[in-house]
Amino acid sequence: MIPAIVLLAPLLGGVLAWISGRAGRLWVRIWPLALLVLDFAALLAVWIGGNPDAFHEGAYSFYADLIVPWIPQIGVSVHLVLDGLSLVLSLLAVFIGIVVILVSWKRERDHEGFFYFNITLVLSGVLGTFLAVDLFLFFLFWELMLVPTYFLIVGWGGERRAPAGFKFFLFTQLSGLVMLLAILALYFIHGGSSGVYTFDLFGLIGTPMSSRTSFLLMLGFMAAFAVKLPAVPFHSWLPDAYVEAPLEATILLAALLSKSAAYGILRFVLPLFHDAALAFAPVAYVLGVLSVVYGAVLAFAQTDLKRLIAYSSVSHLGFVLVGIFALSPLALQGSVLQMVSHGVATGALFVVAGFMERRLGHRDLSRMGGLFPLVPRLAGAGVALALVALGVPGSGNFIAEVLIVIGTFQASPLFAVLVSSGLVFSVVYALWMIQRAFHGRAAVSGSLRDLSALEAAGALVMILVVFWLGLHPQPVFDATSRFLQTLQGGA
Amino acid sequence: MYAIVWLIPALPLAGFLLLVFLGRRMPRAVAAVVGVGSVGLAALATVLVGASFLSAPPAGGAIEERLFGWVSLPSLSFAFGFRVDALTLTMMAVITIVGFLIHLYSSEFMSRDGEFWLFFAYMNLFVSSMLVLVMADNLALLYLGWEGVGLCSYFLIGFWYREPEYCVAARKAFIVTRIGDVSMLLGLALLVSSFATLDIQELLRRAAAGWAPGSALPVVATLLLLGGAVGKSAQLPLQVWLPDAMAGPTPVSALIHAATMVTAGVYLIARLSALYALAPAVQSLVAIVGLATLLLAGLAAIAQVDLKRILAYSTISQIGYMFLGLGVGFYSAAMFHFMVHAFFKALLFLAAGVVIMAQGEEHNIFRMGGLRTALPAVFWTFLIGASSLAALPLVTAGFYSKEWILWGAWQAGRGGPLLWLLGGCLGVLLTSLYSFRAVFVTFFGDQKIRESHLPGARMKIPLVILAALSILGGFIQIPSDIAPVSLFESFIGGVFPKAPGAAEGGSTQILLQVVASALSLIGVLAAYVLYRRGVGAHERLADSDAYRGVRRFLFSGLGFDWVYKWAFVKTFDCAAKLLKGEVVGRAADAIGSANAAIGRALGALQSGRIRWYLVGIALGAVAAVGAAVWL
Amino acid sequence: MSSTELNALLPLTAVGAACLVALAGVAVRRNVVFTFVVTILGFAVSGAALFASSGAQSVGGLLVIDPYARFFSAVLLASNAGVALLAFSYFRSYRENREELFILLLLETLGGLVLVSAVHFASFFLGLELLSVSLYSLLAYVRTRKASFEAGVKYFVPAAVASAFLLFGMALLYDAAGTMDLAGVGRSLARAGSLPEGAVAITGLVMVIVAIGFKLALAPFHMWAADVYQGASAPITASLASVSKVAVFALFFRFFSGIDLRASALVGWILTVVAILSMLVGSWLALRQRNVKRMLAYSSTAHLGYLMLPLLSGGRAGAAAAAFYLVAYSAATIALFGVITALSSVDRERDDGAELIGLAWRKPFLSAVFIAGLLSMAGIPLTAGFMGKFYLLTVGVGSSLWALAAALVLSSGISLFYYLKLVAVQFSRQEAEPHGPRTPLAAGFALAVAIVLVVGLGIYPGPLANAIASLAL
Amino acid sequence: MSPQFSDYALVVAAVLFALGLFGVLARRNVVYVLISVEVMLNAAGLAFISAGSKLGQPDGQVMFIFILTLAAAEASVGLALVIQFYRAYKTLDTDSARELKD
């Protein structure tokens with residue numbers, strides 16, 4: 001039952017928020033927050049007290065395993081599992097959810113009930129992708145994230161929200177359909193060869209097929225994941241979507257939705273198409289390196305703070321892509337750590353960017369400068385997080401990138417060299433951002449309000465989490481290693 | 001006393017945390033006590049640990065302490081663990097003691113700055129990171145410290161962040177050193193993929209057992225690590241950041257860009273000396289890099305007019321000497337020079353800081369002059385520092401350390417004499433020329449600016465102590481032909497592979513020493529002739545175009561900045577500008593507009609005429625029937 | 001005629017009877033409420049009567065009442081019941097006669113019921129004409145509005161031509177096959193390739209396809225659709241978009257399931273081309289439409305193109321997929337046109353996209369229904385449209401119809417643009433004139449049922465999946 | 001096999017059909033369009049009759065009667081529309097009804 005509770009708790013909060021939409025602005029926030037906190041507590045309890053080997057399915061073991069038939073006519077069931085990897089990422093999702101609700105606590109807007117309903121629906125969708133092991137169900141959640149995110153963008157976004165939302169929707173939906181084709185093909189191939197028509201991941205692993213078929217199917221999956229990650233050149237939806245979305249949705253997009261893609265590669269692509277993935281690795285490396293470099297160069301070229309962070313995100317996720325396909329234990333662990341750490345850090349960076357926008361009324365870097373003495377707490381948080389983006393020692397990004405580079409080196413020295421160039425480029429844009437926004441001569445006259453104690457505490461907690469991940473990443477490694485070890489089976 | 005080892009980096013770290021979170025509300029005095037005190041306590045702890053290290057050496061020659069696990073994976077694990085041996089202890093002593101003196105100096109120097117607390121926060125963090133760097137028992141932790149010091153260096157160079165050009169200098173420093181760092185990270189990656197460990201001792205053991213000397217892997221690995229070292233230590237070809245780094249407050253230049261951080265590369269190579277022994281070619285390269293850098297930086301130093309830039313180039317040059325020492329296998333000599341250099345260069349910078357402050361933030365030595373009488377304490381200490389830098393024979397520490405390195409160079413195989421000739425003769429000549437040029441121009445002649453802001457006790461005491469160390473520090477290791485004192489060698493020598501060649505060389509060694517000493521004195525004389533007495537001679541030269549051209553070339557640091565600007569910076573900017581329009585995104589948009597265009601074109605057929613629609617049906621029918629019948 | 005046959009015919013009889021009662025009512029005294037009630041009752045009784053028979057019951061060689069026919073009859077009845085509810089609201093303020101509208105609706109339904117059970121050219125033809133002739137009148141029903149009349153003419157003339165194509169094609173097929181029984185025609189077509197009459201038979205088949213293509217508005221026979229959809233009153237357009245297409249497609253599928261496409265690969269090719277053209281052209285044309293009904297006309301061309309996937313793949317799975325998709329499509333169609341209906345009245349058709357600005361904030365219920373309908377059409381999960389598209393792709397992949405599947409994906413991508421544009425518009429914060437009274441009860445009820453179906457079938461498709469699993473022909 | 005009567009009839013029907021189609025496409029007057037449609041329908045009827053006679057079945061003629069009925073129904077609706085058309089547009093030119101277009 002635990003996976004179902006984890007999955008549905010945010011949704012329940014959202015529904016309650018929607019219902020209580022007219023009752024006042026307080027309950028609209030309290031319901032989702034309370035349920036998310038409960039959710040978080042439940043996940044923590046599982047992490048601390050749960051038995052990671054309680055359930056087995058082939059080589060895999062889980063804390064919890066739930067199967068309920070859903071559309072038995074075609075072999076679809078609600079199959080949710082909670083293992084270390086999904087646990088860690090679910091914790092991330094719920095944590096970010098809590099952050100999002102807190103960030104918007106004081107923000108007045110229209111139709112708040114529906115707004116929070118959409119937020120929680122996104123969270124449930126993300127959690128669903130982290131928990132589902134039925135391919136149909138996974139696809140459903142995958143697509144499900146889209147609609148509320150789209151509503152958030154077009155309902156509460158910036159000036160050019162409609163085209164931005166559309167672009168986001170189009171890219172993800174279209175690539176999702178390609179994945180659906182691949183899922184169906186796999187379904188039929190498996191059904192044809194074994195007589196059992198099922199969408200269950202563990203049933204489908206090891207389906208015999210020619211290497212060419214396997215490669216094509218893997219491409220179908222990768223289409224969806226490369227778009228959502230996103231890898232250059234499938235990224236062009238991202239900057240607009242991140243910029244035009246309301247802050248809360250941007251945080252969700254950057255911190256969580258991109259992770260679902262990386263997770264999808266880990267959970268589905270590698271187990272289902274191990275050899276094809278190995279064959280695909282060079283292409284993935286190229287895409288990853290392209291993302292790393294292109295994202296960093298473009299981040300440097302931006303003057304819009306949110307856009308800059310958006311591109312930096314592209315760059316960081318390039319590391320993840322390379323790390324995953326390096327398929328060496330170190331790189332895989334590094335990638336997972338990078339996912340978590342980037343989730344928290346980029347989320348926090350967007351939070352800070354949002355705080356800045358609220359105070360300045362704009363987010364144009366060329367009109368900022370010298371904020372450090374004016375708003376030391378805000379600027380301090382901003383500087384710290386920008387440093388995390390460039391991989392400041394002790395942060396989660398630092399150790400993750402070190403592991404990815406080392407792990408990739410074992411698989412392909414050439415691409416390790418290329419991907420590590422991102423470490424230099426990240427310095428360029430991160431410092432540029434620090435210096436344009438916080439250093440230099442003061443470009444703002446008059447006084448600005450610094451972070452309130454609560455805001456500062458929130459930012460501090462997120463920063464501390466990032467550094468905790470950097471200085472003591474072992475719990476994350478321990479939680480995820482069970483699953484990651486199964487991935488190297490053939491290697 | 002070994003139990004307190006972990007306190008040594010922890011104290012400055014605690015100081016940093018206190019300052020960064022609470023410093024803004026602290027009174028200056030409290031912030032100063034926290035900032036200076038934390039390093040002072042660390043220095044005290046280092047002394048205590050050092051004393052017990054000397055009195056009762058630990059088993060295996062090193063104190064090992066593992067604090068807590070960091071990363072533990074089946075294929076690789078490393079922890080927050082320290083290993084303190086003689087080499088580390090030397091570094092620690094310099095970092096904490098010189099660091100403490102500089103902190104003390106800063107408490108007065110920076111006292112009028114609005115973000116006093118922040119300065120000490122960064123400085124404390126720097127000391128902590130630097131200690132982690134030298135104390136780490138594994139390369140991952142070393143890399144953590146390595147990155148940490150780079151970060152602090154960035155913040156301190158750009159400490160006066162309201163000036164955009166300082167920010168640019170800071171950024172340049174960070175980016176250039178980051179390039180080296182990435183190379184080093186790749187080196188680590190190679191080591192991990194070969195030996196699956198980052199524990200330094202274990203790594204060196206496995207490398208010695210697993211790698212044949214001179215084979216490809218050790219060459220590549222040491223080359224990559226060398227990349228890191230030249231970045232951090234401002235050696236060719238990544239030396240360009242250091243002169244600009246002088247934008248930071250002078251104590252920063254003294255601590256980070258002279259005494260400690262820039263020698264991290266030296267430490268790295270010394271620490272991994274066993275690895276370099278497996279790649280003789282790379283080790284020779286280290287020597288060549290050192291030699292080239294020391295000459296190049298020496299030449300550039302002669303043409304500078306900014307007092308701090310002169311010192312910066314001199315730092316680059318002196319680290320070149322250390323690299324030369326490392327390259328010829330005289331690790332102890334390199335470390336000895338490191339220590340002595342830390343003393344006199346910190347001294348020079350601190351003295352220069354006083355001078356600049358007293359001259360109202362004037363950096364150009366040609367606008368100064370005659371400060372000998374106005375600032376006597378500074379003059380004398382600066383003179384001691386400059387003498388030590390110029391390696392004036394017998395009385396200065398610099399003489400002993402440099403001679404040791406040059407003796408090593410002489411003995412380094414076939415190219416040895418050449419190394420000695422260029423490094424020893426030319427280098428020594430250049431060094432004494434530029435150092436005494438600074439002395440004569442700054443302190444002699446007519447006073448052009450009235451002095452202001454005279455230094456107080458907290459600035460003078462460090463000067464005096466460092467001056468004393470710059471003289472006395474040399475006497476713990478004296479060439480055997482002069483006096484048989486070898487305290488330093490016997491303390492630290494055990495850490496390194498045995499130096500090739502003879503420790504003593506009889507008459508040859510004496511001859512070489514005489515030549516080098518003579519050259520250093522000639523350099524002083526030349527400086528006197530050119531810049532003091534024969535001012536006319538210098539100005540007569542200055543009239544010729546050729547001289548001006550050469551001077552400009554030297555002044556610019558031999559054109560490296562120009563080349564890099566065009567080769568990298570402009571390229572990157574260009575790429576950013578080109579890509580900013582999102583070529584890729586445009587392609588996606590183009591697909592969208594193509595669809596819209598098709599829609600428009602098809603829409604033109606929807607004319608609203610019934611007959612037209614019937615034509616559509618009829619044509620469709622004819623096409624279908626035609627296809628059916630004909631195919 | 002045996003009692004079992006009569007039993008099986010009950011649904012048709014019920015609708016016919018309702019028609020007669022309504023006519024008689026009009027003859028005695030005009031009362032629109034009475035006619036409306038009779039109509040709804042007729043649909044209800046007919047729907048209930050579907051359960052009176054089971055298995056496959058042939059009636060006089062012209063009709064067969066089998067599970068397939070019953071299923072689609074239910075879809076038609078439900079759709080037109082919805083249309084009747086919408087129309088009742090829509091025509092509240094119409095000052096001229098309203099009673100005939102419902103009678104025509106009943107007649108149209110009867111034609112549809114005949115079509116879905118037809119197994120013979122005669123019943124095929126009869127049902128189609130019943131459907132079409134009622135539609136001509138329905139489309140042009142609002143005499144006071146020129147656009148409505150124009151729609152009638154624009155449907156009538158091509159439809160008549162299409163009827164001629166159909167009949168001529170039938171004649172040729174009859175000539176070649178020697179029978180007008182659908183199954184018999186199919187059997188003889190399987191041998192057609194080897195006979196000298198092959199060309200005649202294939203030509204006949206193609207002409208029938210052209211006629212059906214016209215009715216389904218498949219490209220390149222689609223051009224009339226946009227004008228007609230736009231001109232007609234919203235509820236009538238809903239009927240045109242759902243009932244007539246479902247009925248004709250059901251027949252098309254039945255006809256085609258009897259033909260072995262392997263024997264006439266050519267027809268398969270022609271249909272593939274038509275399908276791909278429909279998907280793409282439909283979506284492309286819809287891209288730039290501002291009028292919602294016009295946009296839906298083009299998009300329905302694309303949707304019918306999608307339905308060629310199960311048609312070409314055939315079999316039990318194909319039937320199930322087509323059935324699911326048509327249910328989803330009809331529900332979404334009723335929902336979408338229903339919202340337009342609820343916004344409009346007979347005096348003023350509010351079918352421009354601009355009418356939807358800020359609808360989400362102004363009229364949350366209508367907006368929710370409209371968005372659900374749009375998302376279902378776009379095939380977004382948790383809507384019936386997603387499950388439908390999923391079924392289509394399943395049979396497409398299962399039968400290796402890769403080109404069609406790829407075109408479907410592509411067309412879905414293009415279609416997102418125009419569906420989402422209408423979603424986004426509703427979230428616009430720009431102030432629009434606050435218009436329209438409260439949604440009338442009848443329309444509201446129809447919309448509520450539609451949204452429950454659209455969302456419910458997306459979340460819990462099990463029952464429907466069960467029902468369609470056994471629609472074998 | 002030599003050509004039979006039914007084959008000629010079929011050809012005649014096809015020609016009639018084509019003529020009707022041409023008329024529909026070429027004529028702008030609604031009444032002529034309706035007449036052309038009638039021609040097409042009758043072509044189909046002829047084809048049915050020829051097929052029925054070739055096969056010796058009555059079905060073809062039954063279909064023809066069906067077609068006649070349909071033609072009558074269509075004509076009645078069609079003529080009603082024509083009257084409306086003339087009222088609305090004061091002309092019988094089909095091209096004048098083009099308010100609805102892209």
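This is a predicted model: local features need pLDDT of at least 70, side-chain atom pairs count only at pLDDT 80 or more; totals for chains, interfaces and linings use all residues.
The pairing to which strand 4 (residues 76–82) of chain A belongs is antiparallel, its partner being strand 3 (residues 64–71) of chain A, and 7 bridges link the two. Between these strands the hairpin has 4 residues, and in this hairpin A:Gly75 adopts a positive phi near 80°.

## Chain B: extent and domains

Chain B contains 27 helices and 4 strands, and its C-alpha trace extends over about 115 × 60 × 60 Å along the principal axes. Of the 631 residues of chain B, 57% count as buried. When contacts in chain B between residues at least 6 apart in sequence are considered, 80% of them join residues at least 24 apart.

The domain assignment divides chain B into domain 1, residues 1–157, and domain 2, residues 559–590. The centres of domain 1 of chain B and domain 2 of chain B, taken over C-alpha atoms, are separated by 40 Å.

## Chain C: a globular chain

In chain C the secondary structure amounts to 20 helices and 2 strands. The radius of gyration of chain C is 21 Å, which is close to the 23 Å given by the globule rule for 473 residues, and chain C is therefore as compact as a globular protein of that length. Along its principal axes, the C-alpha trace of chain C spans about 70 × 55 × 40 Å.

Burial in chain C reaches 71% of the 473 residues. Of the contacts in chain C with a separation of 6 or more, 80% are accounted for by residues 24 or more positions apart.

## The interface of chains A and B

Among the 5 pairs of chains that touch, chains A and B have the most contacts between them. In this interface 40 residues of chain B are in contact with 39 residues of chain A. On the side of chain B that touches chain A, the elements giving two or more residues are strand 1 (63–73), helix 5 (139–157), helix 6 (164–195), helix 25 (560–580) and helix 26 (583–605) of chain B. Helix 6 of chain B provides the largest share of that side, with 15 residues, and by class the side of chain B that touches chain A comprises 25 nonpolar, 7 polar and 8 charged residues.

Chain A and chain D, by contrast, are joined by no contact, and their closest C-alpha atoms lie 23 Å apart.

## The interface of chains C and D

Where chains C and D meet, 31 residues of chain C are in contact with 34 residues of chain D. Helix 5 (121–139), helix 6 (146–177) and helix 9 (223–231) of chain C are the elements that give two or more residues to the side of chain C that touches chain D. The largest share of this side, 18 residues, is contributed by helix 6 of chain C. Sorted by class, the residues of the side of chain C that touches chain D are 20 nonpolar, 5 polar and 6 charged.

Methods: Residues are numbered from 1 along each chain as its sequence is written. Chains are lettered from A and ligands numbered from 1 in the order in which they are written. The radius of gyration is taken over C-alpha atoms; the globule rule is 2.2 Å times the number of residues to the power 0.38. A residue is buried if 20 or more other C-beta atoms lie within 10 Å of its own, exposed if 12 or fewer, and partly exposed in between; C-beta atoms are placed from the backbone. Two residues are in contact if their C-beta atoms, placed from the backbone, lie within 7 Å. Domain bounds come from an automatic or database domain assignment. Ala, Val, Leu, Ile, Met, Phe, Trp, Tyr, Cys and Pro count as nonpolar, Asp, Glu, Lys and Arg as charged, and the others, Gly among them, as polar. Two strands pair if DSSP finds at least two bridges between them.
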